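Please look over the sequence and the coordinates before reading on.

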Amino acid sequence: MISVIFVCLGNICRSPMAEAVFRDLVRQKGLESKVQVDSAGIGEWHVGKPPHQGTCKVLSEHNITYDNIYARQVSREDLHKFDLIIVMDKKNLSTIHGMIGESNVPIYLLTDFISGSNKSEIQDPFHSGDFEEVFHLIKLGCHGLLDYILSKNNNRDD
């Protein structure tokens, strides 16, 4: 089993959106028994809360469920138990590198998996309100991430 955790600042906008989108892709491919997906935030401000209403709205508009996704804070244990840590922006990346210490767990920006994109980060829609643009980037990144996982594990589903 491959385990993936998506991390953003508060775990109510970007990372729960990525978790929901990636879970949906994994389900569509019938890989639920092979890929575990979770999300968490750097801060503790929203622990226990459901995703932001903008996240819920855009996911619903794209027929993607977000059942059982509630904000939680990332822990040091998370950073050592997941196979891949996927962050949304460079500040998240820096924070996670500072938390993880010595580890071989790969840490990537989600935009690393968007081929041909000039975007280096997925901006936080909490203040901008641009949830549709964020959804578009997350969807592209999640498709690229799943392709990466499948090719790396020789389980490509053609």
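## Terms and basis

A residue is called buried when its relative accessible area is under 20%, exposed when that area is over 50%, and partly exposed in between, using a 1.4 Å probe and protein chains only. The model is predicted: local features need pLDDT of at least 70, side-chain atom pairs count only at pLDDT 80 or more, and totals for chains, interfaces and linings use all residues. Residues are numbered from 1 along each chain as its sequence is written, and side-chain values use heavy atoms, with hydrogens and water left out.

## Overall architecture

The protein has six helices and four strands, where helices (H or I, at least four residues) and strands (E, at least two) are DSSP runs numbered from the N terminus. Starting at the N terminus, the order of the elements is β-α-β-α-α-β-α-β-α-α. The radius of gyration, 14 Å, is close to the 15 Å that the globule rule gives for 158 residues, so the protein is as compact as a globular protein of that length. That radius is taken over C-alpha atoms, and the rule is 2.2 Å times the number of residues to the power 0.38.

The C-alpha trace spans about 40 × 40 × 35 Å along its principal axes. Of the 158 residues, 49% count as buried. Contact means heavy atoms within 4.5 Å; among contacts with a separation of 6 or more, 70% join residues 24 or more positions apart. The accessible surface comes to about 8100 Å², and carbon and sulfur atoms account for 46% of this surface; the areas come from the Shrake-Rupley method with a 1.4 Å probe, and for residues only the protein chains shown count as cover.

## The nonpolar cores

In soluble globular proteins, nonpolar side chains tend to be buried together. A nonpolar core is here a set of buried Ala, Val, Leu, Ile, Met, Phe, Trp, Tyr and Cys residues joined through side-chain atoms within 4.5 Å. The largest core has 37 residues, of which Phe6, Met17, Val21, Phe22, Ile138 and Leu145 touch the most other members. At least two residues of this core come from each of β1 (2–8), α1 (14–28), β2 (35–41), α2 (53–61), β3 and α6 (131–152). Helix α6 gives the largest share, ten residues.

A second, separate core of 16 residues includes Val7, Leu79, Ile100 and Leu109. Returning to Val21, its contacts beyond four places in sequence are Leu59, Ile64, Phe135, Ile138, Lys139 and Cys142.

## Cysteines

The structure holds zero disulfides, a disulfide being a pair of cysteine sulfur atoms within 2.5 Å. For both Cys8 and Cys56, the closest cysteine sulfur is in Cys13. The separation is 6.8 Å from Cys8, too far for a bond, and 9.6 Å from Cys56, likewise too far. Cys8 counts as buried because its relative accessibility is 2%; Cys56 is also buried, at 13%.

## Two loop residues

Asp89 is placed in the loop between β3 (84–87) and α4 (90–100) and is buried, with a relative accessible area of 13%. A polar atom of the Asp89 side chain lies 3.1 Å from the backbone nitrogen of Lys91, and one lies 2.8 Å from the backbone nitrogen of Asn92. Not counting residues up to four places away in sequence, Asp89 touches Arg14, Leu109, Glu121 and Ile122.

Trp45 is in the loop between β2 and α2. With residues up to four places away left out, Trp45 touches Leu9 and Gly10. The C-alpha atoms of Trp45 and Gly10 are separated by 6.6 Å, although the two are 35 residues apart along the chain.

How values were computed
A polar contact is a pair of N or O atoms within 3.5 Å; within protein, one must be able to donate a hydrogen and the other to accept it, and residues adjacent in sequence count only if both atoms are side-chain atoms.
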